[in-house]
Amino acid sequence: MKENLLDGQEYELKKVIGISFTASIGSFLFGYNIGVFNSMQPNVSASLDWGGDEKLYISIISTLMPFGALFGAIYGGQAAEKLGRRKSMIFSDILVIIGSLIFIFPSTTTLGVGRFFTGFTSGMFSVICPVYISEFSPTKISGKIGSLVQIMINLGVLFAFAIALLLPTEDFDKNSFNWWWLFMLSLQGLFALLQLLLFFVWLRHETPYWLLKFNKNEEALKSL
(Lines give C-alpha, C1' and ligand atoms only; values in the text may rest on other atoms or scores of the structure.)
Protein backbone atom coordinates (compact mmCIF):
# COMPACT_ATOMS: atom_id res chain seq x y z
CA MET A 1 0.00 0.00 0.00
CA LYS A 2 1.33 3.43 -0.94
CA GLU A 3 0.19 6.86 0.19
CA ASN A 4 1.33 10.36 -0.70
CA LEU A 5 3.57 12.14 1.77
CA LEU A 6 3.14 15.86 2.39
CA ASP A 7 5.94 16.75 -0.03
CA GLY A 8 4.72 14.42 -2.76
CA GLN A 9 7.00 11.54 -1.84
CA GLU A 10 5.52 8.09 -1.53
CA TYR A 11 5.87 5.64 1.31
CA GLU A 12 5.11 1.99 1.76
CA LEU A 13 3.06 1.28 4.86
CA LYS A 14 4.66 -2.13 5.40
CA LYS A 15 8.12 -0.58 5.29
CA VAL A 16 7.16 2.15 7.76
CA ILE A 17 5.78 -0.49 10.12
CA GLY A 18 8.95 -2.58 9.70
CA ILE A 19 11.20 0.39 10.48
CA SER A 20 9.10 1.32 13.50
CA PHE A 21 8.99 -2.25 14.77
CA THR A 22 12.78 -2.52 14.54
CA ALA A 23 13.22 0.67 16.56
CA SER A 24 10.58 -0.40 19.10
CA ILE A 25 12.66 -3.46 20.08
CA GLY A 26 14.38 -0.91 22.33
CA SER A 27 11.01 -0.13 23.93
CA PHE A 28 10.49 -3.87 24.43
CA LEU A 29 13.82 -4.08 26.25
CA PHE A 30 12.79 -1.12 28.40
CA GLY A 31 9.61 -2.92 29.47
CA TYR A 32 11.46 -6.20 29.92
CA ASN A 33 13.91 -4.62 32.35
CA ILE A 34 11.07 -3.05 34.29
CA GLY A 35 9.51 -6.45 34.98
CA VAL A 36 12.27 -9.05 34.85
CA PHE A 37 13.64 -8.75 38.39
CA ASN A 38 10.29 -8.76 40.21
CA SER A 39 9.51 -12.46 39.89
CA MET A 40 13.01 -13.80 40.47
CA GLN A 41 13.83 -12.11 43.79
CA PRO A 42 13.54 -15.18 46.07
CA ASN A 43 15.41 -17.29 43.51
CA VAL A 44 18.27 -14.80 43.26
CA SER A 45 18.41 -14.50 47.03
CA ALA A 46 18.74 -18.27 47.42
CA SER A 47 21.34 -18.58 44.66
CA LEU A 48 23.54 -15.76 45.97
CA ASP A 49 22.98 -16.66 49.62
CA TRP A 50 21.70 -13.26 50.74
CA GLY A 51 20.16 -14.74 53.90
CA GLY A 52 19.13 -12.10 56.43
CA ASP A 53 20.26 -9.30 54.09
CA GLU A 54 17.71 -10.31 51.45
CA LYS A 55 15.47 -7.25 51.78
CA LEU A 56 18.45 -4.90 51.69
CA TYR A 57 19.95 -6.43 48.55
CA ILE A 58 16.59 -6.63 46.81
CA SER A 59 16.05 -2.93 47.49
CA ILE A 60 19.49 -2.03 46.14
CA ILE A 61 19.27 -4.20 43.01
CA SER A 62 15.73 -2.98 42.32
CA THR A 63 16.87 0.64 42.60
CA LEU A 64 19.88 0.30 40.32
CA MET A 65 17.78 -0.20 37.19
CA PRO A 66 15.73 3.06 37.42
CA PHE A 67 18.84 4.83 38.77
CA GLY A 68 20.73 3.83 35.64
CA ALA A 69 17.71 4.78 33.51
CA LEU A 70 17.84 8.29 34.95
CA PHE A 71 21.35 8.84 33.63
CA GLY A 72 20.56 6.97 30.42
CA ALA A 73 17.65 9.27 29.66
CA ILE A 74 19.80 12.35 30.24
CA TYR A 75 22.61 11.04 28.05
CA GLY A 76 20.21 9.58 25.49
CA GLY A 77 18.84 12.98 24.55
CA GLN A 78 22.31 14.40 24.07
CA ALA A 79 23.53 11.37 22.12
CA ALA A 80 20.49 11.45 19.85
CA GLU A 81 21.29 15.03 18.90
CA LYS A 82 25.05 14.67 18.47
CA LEU A 83 25.48 11.10 17.18
CA GLY A 84 22.09 10.61 15.56
CA ARG A 85 19.13 8.46 16.52
CA ARG A 86 20.34 5.31 14.78
CA LYS A 87 23.91 5.41 16.13
CA SER A 88 22.63 6.10 19.63
CA MET A 89 20.44 3.00 19.54
CA ILE A 90 23.33 0.96 18.17
CA PHE A 91 25.42 2.15 21.12
CA SER A 92 22.58 1.17 23.47
CA ASP A 93 22.39 -2.29 21.92
CA ILE A 94 26.11 -2.81 22.47
CA LEU A 95 25.71 -1.82 26.13
CA VAL A 96 22.79 -4.24 26.53
CA ILE A 97 24.91 -7.05 25.10
CA ILE A 98 27.75 -6.18 27.48
CA GLY A 99 25.30 -6.08 30.38
CA SER A 100 23.84 -9.46 29.44
CA LEU A 101 27.33 -10.97 29.39
CA ILE A 102 28.05 -9.55 32.84
CA PHE A 103 25.02 -11.43 34.18
CA ILE A 104 26.57 -14.74 33.12
CA PHE A 105 28.97 -14.49 36.07
CA PRO A 106 26.62 -14.74 39.07
CA SER A 107 27.46 -12.60 42.07
CA THR A 108 25.84 -9.72 43.89
CA THR A 109 28.36 -7.30 42.39
CA THR A 110 27.92 -8.40 38.78
CA LEU A 111 24.16 -8.43 39.24
CA GLY A 112 24.26 -4.83 40.42
CA VAL A 113 26.58 -3.70 37.64
CA GLY A 114 24.49 -5.50 35.02
CA ARG A 115 21.26 -3.97 36.30
CA PHE A 116 22.78 -0.49 36.17
CA PHE A 117 24.04 -1.13 32.62
CA THR A 118 20.69 -2.36 31.36
CA GLY A 119 18.92 0.41 33.28
CA PHE A 120 21.13 2.98 31.56
CA THR A 121 20.24 1.57 28.15
CA SER A 122 16.56 1.45 29.09
CA GLY A 123 16.71 5.16 29.80
CA MET A 124 18.35 5.79 26.44
CA PHE A 125 15.77 3.71 24.62
CA SER A 126 12.92 5.50 26.38
CA VAL A 127 14.12 8.77 24.84
CA ILE A 128 15.44 7.72 21.44
CA CYS A 129 12.92 5.11 20.22
CA PRO A 130 9.89 7.46 20.16
CA VAL A 131 11.93 10.13 18.38
CA TYR A 132 13.25 7.69 15.77
CA ILE A 133 9.78 6.32 15.06
CA SER A 134 8.20 9.77 14.97
CA GLU A 135 10.74 11.11 12.47
CA PHE A 136 10.34 8.13 10.16
CA SER A 137 6.54 8.10 10.29
CA PRO A 138 4.48 10.07 7.77
CA THR A 139 2.33 12.68 9.50
CA LYS A 140 -0.90 10.99 8.46
CA ILE A 141 -0.17 7.82 10.45
CA SER A 142 2.34 9.05 13.04
CA GLY A 143 -0.18 8.76 15.87
CA LYS A 144 -1.01 5.14 15.12
CA ILE A 145 2.61 4.15 14.57
CA GLY A 146 3.72 5.99 17.69
CA SER A 147 1.47 3.81 19.83
CA LEU A 148 3.83 0.93 19.03
CA VAL A 149 6.22 2.26 21.68
CA GLN A 150 3.73 1.74 24.51
CA ILE A 151 2.58 -1.58 23.08
CA MET A 152 6.13 -2.93 23.02
CA ILE A 153 6.88 -1.67 26.55
CA ASN A 154 3.87 -3.57 27.86
CA LEU A 155 4.77 -6.65 25.82
CA GLY A 156 8.25 -6.51 27.35
CA VAL A 157 6.80 -6.50 30.87
CA LEU A 158 4.38 -9.30 29.96
CA PHE A 159 7.14 -11.43 28.44
CA ALA A 160 9.33 -10.96 31.52
CA PHE A 161 6.57 -12.27 33.80
CA ALA A 162 5.64 -15.06 31.37
CA ILE A 163 9.08 -16.67 31.27
CA ALA A 164 9.30 -16.28 35.05
CA LEU A 165 6.58 -18.94 35.32
CA LEU A 166 9.35 -21.52 34.84
CA LEU A 167 11.10 -20.46 38.06
CA PRO A 168 10.64 -22.81 41.04
CA THR A 169 8.68 -21.37 43.96
CA GLU A 170 10.13 -23.58 46.70
CA ASP A 171 13.14 -25.78 47.51
CA PHE A 172 15.37 -23.26 45.78
CA ASP A 173 18.61 -24.84 46.99
CA LYS A 174 17.65 -28.31 45.77
CA ASN A 175 16.18 -27.33 42.41
CA SER A 176 18.89 -26.79 39.77
CA PHE A 177 16.35 -24.94 37.62
CA ASN A 178 16.49 -22.17 40.20
CA TRP A 179 19.32 -20.71 38.10
CA TRP A 180 16.82 -19.97 35.32
CA TRP A 181 17.02 -16.36 36.46
CA LEU A 182 20.49 -16.09 34.90
CA PHE A 183 19.03 -16.95 31.50
CA MET A 184 16.20 -14.46 32.05
CA LEU A 185 18.62 -11.62 32.68
CA SER A 186 20.95 -12.55 29.81
CA LEU A 187 18.17 -13.16 27.27
CA GLN A 188 17.82 -9.45 26.54
CA GLY A 189 21.22 -9.56 24.86
CA LEU A 190 19.71 -11.64 22.04
CA PHE A 191 17.01 -9.05 21.39
CA ALA A 192 19.63 -6.30 21.37
CA LEU A 193 21.74 -8.35 18.95
CA LEU A 194 18.71 -8.75 16.67
CA GLN A 195 18.13 -5.01 16.60
CA LEU A 196 21.82 -4.39 16.03
CA LEU A 197 21.86 -6.70 13.00
CA LEU A 198 18.75 -5.07 11.56
CA PHE A 199 20.38 -1.65 11.84
CA PHE A 200 23.51 -2.79 10.00
CA VAL A 201 21.81 -4.98 7.39
CA TRP A 202 18.63 -3.01 6.67
CA LEU A 203 18.30 0.39 8.36
CA ARG A 204 21.53 2.04 7.31
CA HIS A 205 20.31 5.65 7.34
CA GLU A 206 19.64 8.18 10.05
CA THR A 207 16.23 9.83 10.14
CA PRO A 208 15.60 12.44 7.42
CA TYR A 209 14.92 15.12 10.04
CA TRP A 210 18.28 14.65 11.79
CA LEU A 211 20.17 14.61 8.50
CA LEU A 212 18.49 17.81 7.33
CA LYS A 213 19.48 19.54 10.57
CA PHE A 214 23.11 19.02 9.55
CA ASN A 215 22.51 19.94 5.90
CA LYS A 216 23.07 16.38 4.68
CA ASN A 217 20.42 16.77 2.03
CA GLU A 218 21.41 13.92 -0.29
CA GLU A 219 21.50 11.42 2.58
CA ALA A 220 18.19 12.77 3.82
CA LEU A 221 16.59 12.07 0.44
CA LYS A 222 17.93 8.52 0.46
CA SER A 223 16.63 8.04 3.97
CA LEU A 224 13.25 9.45 3.02
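Biologist: Where does Asn215 lie?

Modeller: Keep in mind that this is a predicted model. Asn215 is in the loop between helix 9 (208-213) and helix 10 (217-223).

Biologist: Is Asn215 buried or exposed?

Modeller: Asn215 is exposed, because its relative accessibility is 65% and the cut-off for exposed is over 50%.

Biologist: And what is the phi of Asn215?

Modeller: Near 60 degrees, a positive value in a residue other than glycine. Most residues other than glycine have a negative phi. Asp171 also has a positive phi, near 50 degrees. Asp171 sits in the loop between helix 6 and helix 7 (180-186).

Biologist: Let's zoom out. How many helices and strands does the protein have?

Modeller: There are 10 helices and two strands.

Biologist: What are the dimensions of the C-alpha trace?

Modeller: About 65 × 35 × 25 Å along the principal axes. The protein exposes about 11500 Å². Carbon and sulfur atoms supply 65% of that area.

Biologist: What share of the residues is buried?

Modeller: Of the 224 residues, 48% are buried.

Biologist: And what about contacts between residues 24 or more positions apart?

Modeller: Take the contacts with a separation of 6 or more: residues 24 or more positions apart account for 78% of them.

Biologist: Where does UniProt put the transmembrane regions?

Modeller: The unreviewed entry places them at residues 16-36, 56-77, 89-107, 113-133, 145-167 and 179-203. In the model, residues 56-77 are 100% helix, with end C-alpha atoms 33 Å apart. Residues 113-133 are also 100% helix, and their end C-alpha atoms lie 30 Å apart.

Biologist: Which residues does the domain annotation cover?

Modeller: Residues 19-224, as "Major facilitator superfamily (MFS) profile" in the unreviewed UniProt entry. That span is 76% helix and 0% strand. The end C-alpha atoms of the span lie 12 Å apart.

Biologist: Now the packing. Which residues have the most contacts inside the largest nonpolar core?

Modeller: Met89, Phe125, Tyr132 and Phe199, in a core of 29 residues. Helix 1 (13-35), helix 3 (54-82), helix 4 (85-102), helix 5 (108-136), helix 6 (142-163) and helix 8 (188-201) each supply at least two residues of this core. Helix 5 gives the largest share, with eight residues. Apart from this core lies another, of 21 residues, including Trp181, Met184, Leu185 and Leu187.

Biologist: Back to Phe199. What does Phe199 touch?

Modeller: Arg86, Met89, Ile90, Asp93, Tyr132 and Arg204, not counting residues up to four places away in sequence.

Biologist: I'm curious about Asn33. Is Asn33 buried or exposed?

Modeller: Asn33 is buried, because its relative accessible area is 1% and buried means under 20%. Asn33 lies in helix 1.

Biologist: What is Asn33 in contact with?

Modeller: Met65, Arg115, Thr118, Ser122 and Gln188, leaving aside neighbours within four places in sequence.

Biologist: Next, Glu81. Where is Glu81, and what does Glu81 touch?

Modeller: Glu81 is in helix 3. Leaving out residues up to four places away in sequence, Glu81 touches Trp210, Lys213 and Phe214. Glu81 counts as partly exposed, at 33% relative accessibility.

Biologist: How far apart are Glu81 and Phe30?

Modeller: They are 51 residues apart in sequence and 21 Å apart in space, C-alpha to C-alpha.

Biologist: One more residue. What is Phe91 in contact with?

Modeller: Tyr75 and Met124, apart from neighbours within four places in sequence. Phe91 lies in helix 4. Phe91 is partly exposed, with a relative accessible area of 32%.

Biologist: Last topic, charges. How far apart are the mean positions of the positive and negative charges?

Modeller: They are 9 Å apart, for 16 positive and 16 negative charges.

Technical notes
Residues numbered from 1 in each chain as written. Predicted model: local features only at pLDDT ≥ 70, side-chain atom pairs only at ≥ 80, totals over all residues. Heavy atoms only, no water. UniProt positions renumbered as here; feature names shortened; annotations may be inferred. Helix = DSSP H or I, 4+ residues; strand = E, 2+ residues; numbered from the N terminus. Buried < 20%, exposed > 50% of the residue type's maximum accessible area, 1.4 Å probe, protein only. Contact = heavy atoms within 4.5 Å. Areas by Shrake-Rupley, 256 points an atom, 1.4 Å probe, with all protein chains shown as cover. Lys, Arg positive; Asp, Glu negative; His and termini not counted. Charge placed at Lys NZ, Arg CZ, Asp CG, Glu CD. Core = buried A, V, L, I, M, F, W, Y, C linked by side-chain atoms within 4.5 Å.
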